[in-house]
Structures are given as C-alpha cells and as structure tokens.
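Trainee: Please take a close look at the side chains: what do they build at the surface and in the interior? Give the cut-off behind each term as you go.

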Amino acid sequence: MSRVRVLIRPKAGILDPQGQTVERALPALGFEGVTNVHVGRLVELDVEDESQLPAMCEKLLANPLIEDYQIQWPEATGQNQNAGPDAPRR
Amino acid sequence: MPRGGNRGVKFGVVRFPGTCDEVDAYLAASRVGDAEILWHADADLKGVDAVIVPGGFSYGDHLRVGAVARFAPVMAEVETFAADGGLVLGICNGFQVLCEAGLLPGALLPNTSLKFTCRQVDLEVVNASTSWTNVTAVGDVLSIPAKHTTGRYYAPDATLDELEANGQVVLKYAPGHNFNGSVRDIAGVSNAAGNVVGLMPHPEHAVDPLTGSADGLKLFASAAAVPA
C-alpha cells in the first residue's frame with residue numbers, strides 16, 4: 001500500500017478567478033511580488049496498484065479538458081515525498 | 001404526483017442523491033406527455049422516449065460537479081440510449097453530468113464572479129432544429145431562470161469553432177445576460193446529431209405565466225413533437 005498525492009489545478013490559459021482573487025488579495029496584506037497564483041485541489045490516497053493511478057486521474061480525479069494533474073509518486077520507502085522536477089506532469 | 005394524460009411521449013427524469021429539480025422537470029414534462037422518475041442506481045430507463053437529467057447537486061457535487069454521477073448505473077443506459085438517437089436533455093447539473101460523460105462537448109467552470117447567482121435570463125435560440133428546440137425559431141428569445149455557481153461554459157477555441165460550424169451551439173445568452181462568463185455567450189449546446197442537448201438555465205422553472213414565463217415549456221414541447 002502506497003500513500004500517493006494527486007495535485008489538480010486549472011489548465012494554463014483557462015481563466016482562474018479563484019487564483020486571481022487570491023493574487024489580488026496578497027498585496028493588500030503587504031505581500032508584494034506574487035504572480036501566477038492558481039488554486040487547485042489535493043487528493044491523497046492509499047493505493048495497492050500504483051499503475052492504475054494515471055487511469056484514475058484521467059477518468060475521475062481530474063477533467064483533462066479543464067485541469068492538469070500531477071501525481072506525486074511515493075518514494076521506495078513508502079514515505080510520501082514532494083515530487084521533484086522530473087515528476088510526471090501533464 | 002399529478003400525471004399528464006397519455007399523449008404519446010414518455011419522459012424519464014433521472015434522480016441522483018442530491019438532485020433537487022427533478023419534480024419541476026417531471027411536472028414540466030407532464031404538461032406535454034407522460035413522465036416517470038428514474039433512479040440513479042437502476043440500469044433501467046423503463047422504456048421512456050426521452051430522458052431528462054435534471055438540476056441539483058448529484059452526489060453532493062463532491063470532487064467536481066457531475067464527476068461522480070457520470071458513473072451511475074443509469075448513466076450507462078443513458079449513454080447507449082443517446083448513441084441510438086434517444087432524446088436526452090441535461091439541465092444545469094444535468095448539463096454538467098452530460099459534459100463529464102462525454103455526451104456533450106466542453107466543461108463547466110465556476111462563474112467568474114465565484115458567486116451563486118439566481119436570475120431570470122434571456123436566451124437566444126441559435127439552432128431551432130434540435131430535438132429540444134424544434135418548436136422555436138432561430139432568433140427567438142426565451143426568458144427562463146438560471147441559478148448556479150458553476151456554469152461558465154468552456155471548450156478550447158478549436159472545439160468552439162467546430163461547434164459553431166456544426167450548429168451545435170443551441171442557445172446563447174442575449175447581450176447583457178451572460179452573467180457567468182461563458183465563452184462566446186454559450187448557454188446550451190447539443191451533440192452532433194442534435195438529439196442530446198444541455199443548458200445551464202432552467203426551462204422546467206418557466207412553464208407557466210403565473211411564475212413569470214412559460215418559455216421553458218417550448219423545450220419539452222419540442223421533444224414531444226419529435227416522432228417516436
């Protein structure tokens with residue numbers, strides 16, 4: 001059993017009013033220099049067969065028409081780590 | 001519940017957990033034909049001539065609107081029914097479900113305002129030859145209510161060009177009425193064959209002048225006018 005995270009965000013180029021709202025709010029609190037804010041969601045799941053994850057993402061977890069997803073694969077130890085730059089990304 | 005007389009066409013209205021507009025859809029359909037409620041967990045369309053996937057919050061809209069309902073047992077039957085030319089109408093959450101199911105192109109995103117909005121909107125008929133708009137004329141304006149948080153129609157530009165070229169854009173928000181930010185003012189689309197139509201506003205809430213407009217009844221009357 002592996003703990004896996006799937007990060008889902010609005011596809012680039014699609015208007016993201018939630019991200020824009022956050023981006024506009026940050027300078028009002030004194031946090032300058034913040035751009036490209038996007039708000040997505042995180043799905044955490046324990047899976048027995050990791051090979052099924054891409055199909056799970058395509059079929060249910062994300063809508064590939066409007067969302068990109070990133071699977072954060074577990075390390076060999078089973079400990080969940082943040083994915084590096086080489087992590088699969090679509 | 002009151003029933004219409006047997007006037008030929010039998011509508012089936014799908015009920016998912018969280019659906020809330022099935023009774024209005026049932027009553028609207030009953031004005032032009034017979035109607036029956038279809039249970040989401042039953043892989044059975046009960047021999048209906050037309051299926052309505054109504055508004056509401058199927059399965060709580062968890063994960064993403066319409067994402068879970070799309071895999072309900074009844075939806076596998078609806079997909080086969082639609083592929084065989086059966087009449088299917090998706091309203092609001094039902095439209096979202098049909099898009100998720102791939103029965104209709106595109107997807108629905110949160111309104112640009114990020115707010116739930118409930119208002120009467122004017123819709124222009126762009127294609128009056130679909131199974132659900134054939135008693136209207138191109139350019140007709142239908143006044144019906146819309147109420148949703150996630151109703152911003154989106155499809156990639158190439159898809160939109162194709163939809164417009166094929167006449168699959170069925171209804172557009174009239175100037176000044178596109179409150180949710182839908183691309184190209186699109187309020188409703190059809191599949192290539194025109195037997196499956198989806199829209200965000202609610203025709204089932206506009207079937208009697210007593211409540212402000214009976215324009216929505218035209219969609220149900222259109223389906224009833226299609227020879228079975």
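Mentor: A patch is built from residues with over 30% relative accessible area and no salt bridge; like charges are joined within 9 Å, and nonpolar side chains (Val, Leu, Ile, Met, Phe, Trp, Tyr) within 5 Å. The accessible areas come from the Shrake-Rupley method with a 1.4 Å probe, and for residues only the protein chains shown count as cover. A salt bridge, which rules a residue out of a patch, is a side-chain nitrogen of Lys or Arg within 4 Å of a carboxyl oxygen of Asp or Glu.

The model is predicted, so local features need pLDDT of at least 70 and side-chain atom pairs count only at pLDDT 80 or more, whereas totals for chains, interfaces and linings use all residues. Residues are numbered from 1 along each chain as its sequence is written, chains are lettered from A and ligands numbered from 1 in the order in which they are written, and side-chain values use heavy atoms, with hydrogens and water left out.

Chain A first. Its elements are 2 helices and 3 strands, in the order β-α-β-α-β along the sequence; helices (H or I, at least four residues) and strands (E, at least two) are DSSP runs, numbered from the N terminus. Chain A has 90 residues, of which 30% are buried. Buried means under 20% relative accessible area, exposed over 50% and partly exposed in between, with a 1.4 Å probe and protein chains only. The chain exposes about 5,600 Å², and carbon and sulfur atoms supply 51% of that area. Of its contacts (heavy atoms within 4.5 Å) between residues at least 6 apart in sequence, 58% join residues at least 24 apart.

On this surface, A:L29, A:F31 and A:V34 make a nonpolar patch of about 300 Å². A:L29 sits in the loop between helix 1 (17-28) and strand 2 (41-47) of chain A. A:L29 counts as exposed because its relative accessible area is 63%.

Now the interior. In soluble globular proteins, nonpolar side chains tend to be buried together. A nonpolar core here is a set of buried Ala, Val, Leu, Ile, Met, Phe, Trp, Tyr and Cys residues joined through side-chain atoms within 4.5 Å. The largest such core has 69 residues, and B:F11, B:I52 and B:M75 have the most contacts inside it. Helix 2 (residues 73-83) of chain B gives the most to this core, with 5 residues. Leaving aside neighbours within four places in sequence, the contacts of B:F11 include B:V32, B:V48, B:I52, B:W132 and B:F220, and also B:D34 and B:E36. A second, separate core has 12 residues, among them A:V4, A:C57, A:L61 and A:I71. A:C57 is buried because its relative accessibility is 0%.

The cysteines form 0 disulfides over all chains, a disulfide being a pair of cysteine sulfur atoms within 2.5 Å. For B:C118 the closest cysteine sulfur is that of B:C92, and the 10 Å between the two sulfurs is too far for a bond. B:C118 is exposed, at 55% relative accessible area.

That leaves the charged pairs. Side chains of opposite charge can pair when their charged atoms come close. Over all chains there are 17 salt bridges. One of them joins A:R5 and A:E44, at 2.8 Å from N to O. This pair links distant parts of the chain, 39 residues apart: A:R5 is in strand 1 (residues 2-10) of chain A and A:E44 is in strand 2 of chain A. A:R5 is partly exposed at 26% relative accessibility, and A:E44 is partly exposed at 36%.

A:E67 and B:R64 form another salt bridge, with their closest N and O atoms 3.7 Å apart. This pair crosses between chains: A:E67 belongs to strand 3 (residues 67-72) of chain A, and B:R64 to the loop between strand 3 (50-53) and helix 2 of chain B. Both ends lie under the burial cut-off: A:E67 is buried at 9% relative accessibility, and B:R64 is buried at 8%.

In chain B, the side chains of B:E164 and B:K172 meet in a salt bridge at 3.3 Å, N to O. B:E164 is partly exposed at 34% relative accessibility, and B:K172 is partly exposed at 21%. Through shared partners, salt bridges join B:D157, B:D161, B:E164, B:K172 and B:R184 into one network.
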